[in-house]
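Work through the two exercises below with the sequence and the model in view, and try each task before you read its solution.

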Amino acid sequence: MRKVEGYISSRAGKRLEKVEKEIKFEQGKYVENEMINIFPERRYQEILGFGGAFTEASAYNYARMDDEKKEKVLKAFFDKEEGLGYNFCRTHIHSCDFSLEQYTYIEENDTELKTFSIEQDQKYTIPFIQAALETSEGMILFASPWSPPAWMKSNGDMCRGGRLLDKYYGIWADYMVRYIKEYEKEGITFTAITVENEPGMPQAWESCVYTAREEAEFVHQYLRPALDRAGYQNIKIMIWDFNKEFLYERVRDSFHVPGVKDDVWGIAYHWYAGDHFAEMDMVHELYGDKPMILTEAGLGGARGEARRGAYSTWENAEIYSRELIGGFQHYMSAAVEWNLILDENGGPYHDRPMGGCKAPIIYNHETGELGIQPVYYATAQFSRFIKRGAVRLGTSTFNEEMKAAAFENPDGTVILVILNCMENPYEVFVRLEDTIAEIFVPEKSVSTYVVSKDESIKVG
């Protein structure tokens, strides 16, 4: 007999609230309807972790807190028992839209990188990362650039797209490697790098456009060789780093360039353009050895009233949960939040005509309040329980609005996450092998069930 511990967050106000009613899997029952099935013999992708982005905006907000609040933030994000257990995080190579201003690491026209300095990052970003590394376990970091320096680009501007000029391909690759080297001097090491944040669109903020061929040629002819020359053969490369609706075509076209498939470790994507989960399936069918990583996930800007403003609602938490379950069910291996901490205005930011974003934690500088948001708890229902090295299991469910995903952790515990998008609660039957458990799922809730390997309950 397997025993179960359950934890629920809901629109009604539950926040990782432990289920008091005893739940257990028992043999000998036969039921129909309201069934969620778990198939432990159907094993899919390995889970690499969860995380967020160490933007300068997040680091600036962190720096302005007192020591007590800083400690609370570090535990909330990086403690594996009481927090989100974040261990797969992102940084930006010089400025992005959630920096305090535009900046680079070199002076104009310095093609030899003699003036290279990460002094700007040493103010806020690097101290935040260093503090996080002391709290987290097994942190994986990857870096992403938003734009080369303006003088390297066709439009002479870090913002509004433009292309990297051919004559600067090699220098820009060396610049990216130099970033890795300088951070290494600060005790911060990287596992991976993406070629470009959102290379398919000329954004109002720092951005640079690459075609699939241009990105592939940059990887094969410049970035991979530059990393190897510097002794970073172990640093992995991810491509695309943009929305799912072009994921299949973009990967297909990049991998048509000879040699690139061997140079690329993973496929990076964002969630801002709708489901398009079928694109992920097609990528997996052709390139199943390439993990798909959700490298940026957040809410904000102009896409509907529910997405505006810094503070989140249960509707926002439900969006997060839908996307996470959908991603996992279509071969996502890791999920990375956008900004970790923002202020009461969803910032600071620059060159963003649609305004700020939401974040898991909001620090109100006017009141001094540290607000843990509903989207934080939506993520926690996954990240606190699904451990690195877990494997997604096969599942099926009876209703499109009752979504579920299951995983087996390295210690043998089974993790089941259920999202009920409906306005009414359900008594659902969960079938695991030849046993069945009856579980009460509240309306508008996301709940996590930790199923023991045997009679003893194992959590964590």
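**Exercise 1.** Find out whether Cys 89 is buried or exposed, and then work out how many disulfides the structure holds.

Solution. Cys 89 has a relative accessible area of 0%, and since buried means under 20% relative accessible area, exposed over 50% and partly exposed in between (1.4 Å probe, protein chains only), Cys 89 is buried. This is a predicted model, in which local features need pLDDT of at least 70 and side-chain atom pairs count only at pLDDT 80 or more, while totals for chains, interfaces and linings use all residues. Residues are numbered from 1 along each chain as its sequence is written, and side-chain values use heavy atoms, with hydrogens and water left out.

Next, recall that a disulfide is a covalent bond between the sulfur atoms of two cysteines; here it is counted when a pair of cysteine sulfur atoms lies within 2.5 Å. The structure holds zero disulfides. Cys 89 is in none, as the nearest cysteine sulfur, that of Cys 96, is 15 Å away. Cys 357 has its closest cysteine sulfur in Cys 96 as well, at 10 Å, which is too far for a bond, and Cys 357 is also buried, at 7% relative accessibility.

**Exercise 2.** Describe which polar partners the side chain of Glu 56 has.

Solution. Then turn to the polar atoms: a polar atom of the Glu 56 side chain lies 2.8 Å from the backbone nitrogen of Leu 100.

How values were computed
Polar contact = N/O pair within 3.5 Å; in protein donor to acceptor, adjacent residues only side chain to side chain.
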